[in-house]
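User: Please walk me through this model. Start with confidence, then go to the aromatic rings.

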Amino acid sequence: MNGGTAPPEPKLARKTCHINRSSVGSSPKLRLAHINIGGGFHKKIDEISKIASENDIDIVAISETFLQDDPVVPGFQWVGKNNNEGIKRKGVGFLLTNKIRVFIPDQVMEIMDPKLDIQWIGLDTETLSLATAVVNVPSGCIQKFRDELWDYLDRTVRVFDKERF
């Protein structure tokens, strides 16, 4: 390295930002990331949006947002389930570039389990159909919610499959 030191990576990028670069056939790449931010969304959003922009990330799933209202982030749209109950460690959602268009079938909204901290989105293009969710299960509750969660995931994927894909 010619005796110099590289500048440190942003804290979120090194510790909790997982970037999955994938492509489908000859279609443009769709880049996804997940960040568990452990609260402080408004203090961390500039860094998150910078990481997303610099890495051409289209969809950032974010857990433990602690948000009570939808945020406004220039260049991005927010789809999320906010922490309207004031419970610690709640709130999940997706930060999406403005070029991404998603849908959430009405039936998915109807079967959403209020006990689960989960947000779904669907993406349907000429070359890609995708249904994805970000889920936050409180620590110590994984065993309790496991069966309910898998049943719910199965039912929801079937709705996406029937309604759109």
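**Confidence and ring pairs**

User: Which element has the highest mean pLDDT?
Analyst: This is a predicted model, where local features need pLDDT of at least 70, side-chain atom pairs count only at pLDDT 80 or more, and totals for chains, interfaces and linings use all residues. Residues are numbered from 1 along each chain as its sequence is written, and side-chain values use heavy atoms, without hydrogens or water. pLDDT is the predictor's confidence in each residue, from 0 to 100. Helix 1 (residues 11-15) has the lowest mean, 40, and the highest, 93, belongs to strand 3 (residues 59-63).

User: Over which residues does pLDDT stay under 50?
Analyst: The chain mean is 76, and 72% of residues reach 70 or more. Where pLDDT is low, predicted coordinates should not be read in detail. The stretch under 50 covers residues 6-27.

User: What geometry do the rings of Phe41 and Trp78 have?
Analyst: Rings of Phe, Tyr and Trp (its six-membered ring) pair if their centres lie within 6.5 Å; planes under 30 degrees apart are stacked, over 60 edge-to-face, the rest tilted. The structure holds three such pairs. Here the centres are 5.4 Å apart and the planes at 70°, so the pair is edge-to-face.

User: How are the rings of Phe103 and Phe160 arranged?
Analyst: Both Phe103 and Phe160 are buried (under 20% relative accessible area, 1.4 Å probe, protein chains only). Their ring centres lie 5.6 Å apart with planes at 55°, so the pair is tilted.

User: Which residue joins Phe103 and Phe160 in a cluster?
Analyst: Phe103 and Phe160 sit 57 residues apart in the chain. Ring pairs link both into a cluster with Trp120.

How values were computed. Helices (H or I, at least four residues) and strands (E, at least two) are DSSP runs, numbered from the N terminus. Contact means heavy atoms within 4.5 Å. Buried means under 20% relative accessible area, exposed over 50%, partly exposed in between (1.4 Å probe, protein chains only).
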